[in-house]
Each structure stands twice: as structure tokens, then as C-alpha cells.
There are 2 protein chains.
Amino acid sequence: MGEFELLARIRDRLPAAGPRVHLASGDDSAVTLPGGATATSVDALVDGTHFRRDLARPGQIGHKALATALSDLAAMGAEPGEAYVVLGIPPDLGEDGCIELLDGMIDLAAATGTSLVGGDVTRAAELFLAVTVVGHAEDPDAFVSRAGARPGDALVVTGEIGGAAAGLRLLEAPDCAFDHAIGGSNAQSASEQADALRGRQLEPTPRLAAGRALARAGATAMIDLSDGLGGDSGHLAESSGVGLRIDAEAVPLAPGSKELMVAAERDPWGLLGGGEDYELLASVPPEELDEATRAVQEEEGISLTAIGEVLAGEGVEVRLPDGRLLKPEGFDQLA
Amino acid sequence: MGEFELLARIRDRLPAAGPRVHLASGDDSAVTLPGGATATSVDALVDGTHFRRDLARPGQIGHKALATALSDLAAMGAEPGEAYVVLGIPPDLGEDGCIELLDGMIDLAAATGTSLVGGDVTRAAELFLAVTVVGHAEDPDAFVSRAGARPGDALVVTGEIGGAAAGLRLLEAPDCAFDHAIGGSNAQSASEQADALRGRQLEPTPRLAAGRALARAGATAMIDLSDGLGGDSGHLAESSGVGLRIDAEAVPLAPGSKELMVAAERDPWGLLGGGEDYELLASVPPEELDEATRAVQEEEGISLTAIGEVLAGEGVEVRLPDGRLLKPEGFDQLA
């Protein structure tokens with residue numbers, strides 16, 4: 001497989017680029033007309049650290065690489081624009097594996113309005129992906145940084161937490177050992193719920209519409225939950241120069257995740273330290289909370305939940321139902 | 001070494017970002033105000049394929065990764081703006097190795113007016129780097145693509161060719177086996193000339209000022225010589241839908257490179273197929289040739305040499321002094 005042949009085959013599969021793209025893949029550079037302000041983020045995924053080829057199909061790996069990059073744009077409230085992709089291809093992936101991986105990316109790009117307009121492929125000992133994404137807004141002040149949280153703001157989270165960590169535990173358990181523990185609900189059988197948790201790990205959804213809705217509703221600070229609620233809440237608090245209080249019982253957990261932790265003989269509160277959910281954590285002035293909740297439900301189709309508040313001071317304190325107070329570092333001991 | 005500690009140490013070393021940067025590294029995304037048109041390119045380098053850690057110091061590897069990415073902007077005639085860097089770090093590199101690598105990048109960024117504003121670091125089995133660079137122009141038509149060459153245009157190349165290939169041969173030879181063959185000149189001793197050739201391989205210079213000068217002087221198509229004159233001239237011809245005739249004897253070879261090939265018992269014309277010189281190949285209307293030559297000399301301090309012309313038709317034909325006609329594929333047989 002020659003590099004140029006593979007690049008040509010990749011280019012043939014790319015859908016037409018968006019209106020900001022003046023010159024797409026195939027020249028020395030892609031040329032775009034940003035108009036306004038751009039938010040740019042880079043994410044790298046490496047086999048064995050961010051995914052496992054024995055647990056994920058190539059298309060899921062491609063999806064996840066683009067999703068984690070786009071999640072950073074979601075956390076800015078940006079409109080997704082262009083993506084540039086580097087693939088390090090190991091000998092055993094093969095050209096069809098590359099195309100399958102790319103198709104996972106193309107599907108998510110199409111679903112999110114992202115144009116894949118450039119990239120590079122190279123041989124590598126292990127599979128790695130590096131994705132650069134560029135998002136847009138008319139004005140830089142339309143973006144939401146991590147730094148604007150103010151004491152008195154409500155602390156909110158989109159969707160549900162712990163699903164990706166629970167999904168990883170299900171994937172790593174031999175012979176679906178824990179599937180029976182999930183329980184199911186009225187709406188979902190146990191196996192459907194287990195599949196949903198595995199999906200949270202393998203094919204996360206970047207909360208782009210929710211991020212834009214929160215930005216418009218006046219969110220003062222925002223971050224995506226890639227490292228986990230524990231670590232990422234600390235980043236938001238530090239950037240904003242504030243403290244955060246989180247009420248553990250208020251945190252919405254993914255259906256089945258708590259039952260799984262019990263079956264695996266782990267403290268369920270360890271889910272609060274689980275990474276890779278790619279939900280959004282934001283601070284919102286209390287008077288905007290209802291509007292933000294309505295907008296996230298309407299535009300992303302998921303819940304927005306108040307889980308605590310922003311305080312003067314510094315650091316993050318998590319209050320457990322039994323009265324214990326945890327620092328974010330404490331999550332790791334539970335998980 | 002924790003990821004966050006290393007990222008903090010990296011951020012501390014970064015110089016202040018340029019005027020287009022609204023929010024630099026440390027948030028979910030960097031925020032920039034492009035204003036006009038942007039050219040974006042991504043380049044990946046992997047140990048063993050694009051560099052060898054036993055032949056290059058970490059600072060040289062960092063320099064080369066940014067240089068090869070910036071070279072694509074040079075080939076567009078873009079003004080360099082921002083760079084985003086992914087590092088895949090193997091266990092044996094160490095934190096000091098990472099910082100040394102980054103310092104090589106910072107030095108080149110400072111020399112070229114590039115702001116390092118974002119990135120990602122991750123563990124990896126082998127060292128890899130992926131660099132995304134964004135360049136700017138007021139208008140997309142100010143960029144020079146590969147596609148505008150017209151029959152009758154002069155084909156020109158900046159600087160000298162074959163130095164990087166000769167430098168690699170010198171680096172790979174045990175005990176400076178070929179250094180004596182280089183010969184030297186009035187201005188340089190043999191060992192200085194050998195060092196210069198090794199430098200062409202280890203620390204290439206992106207021809208950013210030359211690229212902008214050529215764009216302003218009316219270059220109709222441009223490409224950087226990363227794969228070699230043989231392959232890259234073919235890309236330019238194909239994108240422009242024209243043929244190219246190259247006069248091999250007119251191609252300026254790096255001092256000492258021809259003597260090295262003779263000493264290594266290789267056909268010196270194989271140098272025309274050597275990659276990684278990162279000089280620029282461009283087509284220029286004949287009436288602009290003098291002005292282009294003057295501008296490249298004045299702004300980059302290097303020569304511009306006419307090496308052939310653009311023809312109607314397709315494909316690239318290289319005329320050797322002995323009358324032989326080579327197709328670009330033929331370079332590989334010589335090298």
C-alpha cells in the first residue's frame with residue numbers, strides 16, 4: 001500500500017467540504033475563509049492508552065478520535081468547521097482497516113457538519129491518530145472558556161456520568177461476566193443497557209448542540225469531561241479562581257452503571273472519577289438555569305442537571321450522602 | 001512524569017503568542033482571530049521513518065517536525081501564524097528529552113514568527129510528532145496552489161538540491177567514512193561542508209520568505225520538495241494539468257553532494273530524486289523571472305534557478321547531459 005494511493009482512496013471517500021473551505025485536501029495546505037473567530041484543538045489517541053484494537057472496531061476508533069477532538073469545541077460553544085487527521089498506521093491494520101477507520105470518522109463528520117479537509121498518513125509501529133479541529137463563532141466573546149465561573153453560579157452537567165467507565169469495565173470483563181448485573185429498566189433489557197454502556201466507551205457523542213445552547217444561555221465557564229468529573233472540575237475551578245461544591249447524590253449516573261459497580265465489588269461513587277464521558281460541565285448564573293435546561297433538552301435531546309454551586313475560594317469539595325467530604329483526588333481511591 | 005505537570009512545564013517555556021491569538025494553550029481550545037484567509041497543513045513524523053533518534057538530537061527532531069509543517073505554508077506563500085503540536089512520548093525519552101525537543105521547536109517558531117498555542121501529549125511506544133500549522137493571507141487568491149502552472153512558464157527552484165539526501169548518507173556512514181570525499185571549497189573546509197550537508201538533513205529551513213516573495217512576484221504554482229524533485233514535480237504537473245521539462249544540468253546541487261555520490265559509487269543524478277530538501281519548486285511567467293530571482297535573493301538570501309519549463313501535455317521529462325531522457329520514476333533507480 002503506497003502512501004499516495006491510500007491518500008487518493010481516502011480523498012475519493014470524502015464528502016464535499018463546507019462553505020468556508022476554499023481549497024480542500026490534495027494541495028500543500030487546505031485554504032479556508034474563517035470569518036470571525038476560530039477555536040482550534042488537537043487530540044491524540046494511541047492504541048493501548050486511549051483505545052484497544054482488540055475491543056474496538058476500526059470504525060469505532062475513527063469515530064472516537066474525531067469525537068474527543070470535537071468535544072473540546074463543544075466545550076467552547078463553537079460551531080464545528082474543519083478537521084485535519086493524522087494516521088499512524090501499523091503493518092497489521094491494512095488498507096481496508098484504514099478505510100473502515102476513516103468511514104467512522106466520515107459518518108461523525110457528516111452528522112456534526114464537520115469538513116475533513118486535510119491530513120497526513122505514515123507508517124507506525126502502533127496505531128495512533130491525531131485530530132485537529134477548528135470551530136467558529138462570529139466573535140471571540142461568543143466562546144466560553146474555563147475561566148469565567150463566578151461565586152453563586154450553579155454548576156451543571158449535561159446527560160449522564162459514569163457510562164464510559166462502566167462500559168470499559170464491561171468490555172474488559174471476559175464472557176460478558178457483568179452483563180447480568182446491569183438489571184435493565186422498563187425501557188431497556190439488561191443486554192440493551194449493557195450495550196448502551198459499551199457504546200458510551202466506544203463511540204462517545206460530542207455535545208456540540210448542548211455546548212452552543214449553554215453558550216447562548218449565558219454559561220460563564222465550560223469544560224468537557226474527558227478526564228472525569230473529579231479532575232475536570234478541578235481544572236475549571238483553578239482556571240476561574242473559584243471553589244466548587246458538588247453534591248454527589250445530585251450527579252446523574254448512567255443507567256446500570258451503579259449496579260455494575262456493586263456487582264464488581266467497587267464503591268459506586270468511584271464512577272464520579274471515571275473519564276471519557278465527554279459530557280459538559282458548566283457554570284450558569286442561577287437566573288439562567290431554567291432557560292439553559294430547556295435549551296439543552298430541545299437542541300441536544302438530553303438533560304441538564306444542577307449538581308452543585310460555585311463558591312468563593314478554591315478547590316473542589318464533593319459531599320457524599322453519608323456526610324463524607326471528598327477532594328477530587330479521592331475519586332481515584334474509590335474507582 | 002504526569003501529563004499535566006509536563007504540559008504546565010511546556011506552557012511555562014512558551015514565548016508570548018502573536019497578535020492574532022486571543023486565548024492560548026491551557027483551555028479546551030485556543031482562540032484566534034484569523035481575519036482573511038487561512039492555509040492549514042498537518043505533518044506527522046515517526047521515529048525510524050522520518051528521523052532516527054540515534055542520529056538526531058531531540059532538539060533537531062523538534063526543529064524538523066515544525067520545519068516540515070511550515071514548509072507547506074511556504075509553498076502556499078502564506079505568512080506563518082499558529083502551530084499545534086502532538087507529542088507521542090516513549091518511556092525512554094524522559095521529561096528532559098521532551099523539553100529539549102520542544103526547545104528546538106520554540107527556537108524555530110521564534111525565528112519564523114510562529115506562535116505555539118496548543119497541543120496534546122500522550123504516552124507512546126515510539127516517538128511521534130504531529131504538527132498542525134496555520135498560515136494567513138488577506139485574501140485566498142494570495143495563496144499559490146499547485147494547480148496554476150501554464151505552458152510557457154519558467155520552472156524554478158530555490159537554493160540547492162540533494163543536500164538532505166547526501167547528509168543522510170553521511171550520517172548513516174560509520175566513522176565519517178565519506179567526509180574526506182566532500183572536498184571542500186575556497187569558503188569551506190571539507191568537514192564544514194560535510195556538517196552543512198548533515199544540517200540539511202537534520203535541521204531543514206522552511207523557505208517562508210522565499211515562498212512569500214515568489215507569491216508576490218506572480219508564481220502560478222508552487223510545491224515544496226519534501227519527496228524529491230522527481231516526485232514533487234510530478235504532483236505539480238498533475239495538479240496543473242501540464243507537462244514539465246527539467247534540464248538536469250541546470251539543477252543546482254548542494255556543494256559536496258556530487259563528490260559524495262561519486263565516492264559512494266552512486267550515479268550523482270540520483271540526487272535529483274533525493275527528498276527532504278524542503279526547497280520550493282515553482283512556475284513563474286518568464287517576464288517575472290528576474291523580479292522573482294531578485295526578491296528571493298533579497299528576502300531569503302538564497303538563489304532562484306530556472307531549471308526547465310512548463311509545457312502543454314502531461315508528465316515530467318528530465319534531460320540528462322548525455323542526452324538520456326528520464327521519467328521521474330527513473331530517479332529511484334539511480335539513487
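Chain A of this predicted model is divided into domain 1, residues 3–142, and domain 2, residues 154–334. The centres of the two domains of chain A, taken over C-alpha atoms, are separated by 26 Å. Chain A is also in contact with chain B, through 46 residues of chain A and 46 residues of chain B.

**Contact between the domains of chain A**

- Domain 1 of chain A and domain 2 of chain A each bring 19 residues to their contact.
- On the domain 1 side, α2 (58–74) and β4 (79–89) of chain A each supply at least two residues.
- The largest share of that side comes from α2(A), with 10 residues.
- By residue type, the side of domain 1 that touches domain 2 in chain A has 10 nonpolar, 6 polar and 3 charged residues.

**Side of chain B that touches chain A**

- The residues of chain B that touch chain A comprise 23 nonpolar, 14 polar and 9 charged ones.

**Strand pairing between the chains**

- Strand β3 of chain A, residues 37–46, is joined to β2(B) by 3 bridges, and the two strands run antiparallel.
- Within this topic, T40(A) stands opposite A30(B), a residue in β2(B).

Definitions and conventions
Residues are numbered from 1 along each chain as its sequence is written. Chains are lettered from A and ligands numbered from 1 in the order in which they are written. This is a predicted model: local features need pLDDT of at least 70, side-chain atom pairs count only at pLDDT 80 or more; totals for chains, interfaces and linings use all residues. Domain bounds come from an automatic or database domain assignment. Two residues are in contact if their C-beta atoms, placed from the backbone, lie within 7 Å. Helices (H or I, at least four residues) and strands (E, at least two) are DSSP runs, numbered from the N terminus. Ala, Val, Leu, Ile, Met, Phe, Trp, Tyr, Cys and Pro count as nonpolar, Asp, Glu, Lys and Arg as charged, and the others, Gly among them, as polar. Two strands pair if DSSP finds at least two bridges between them.
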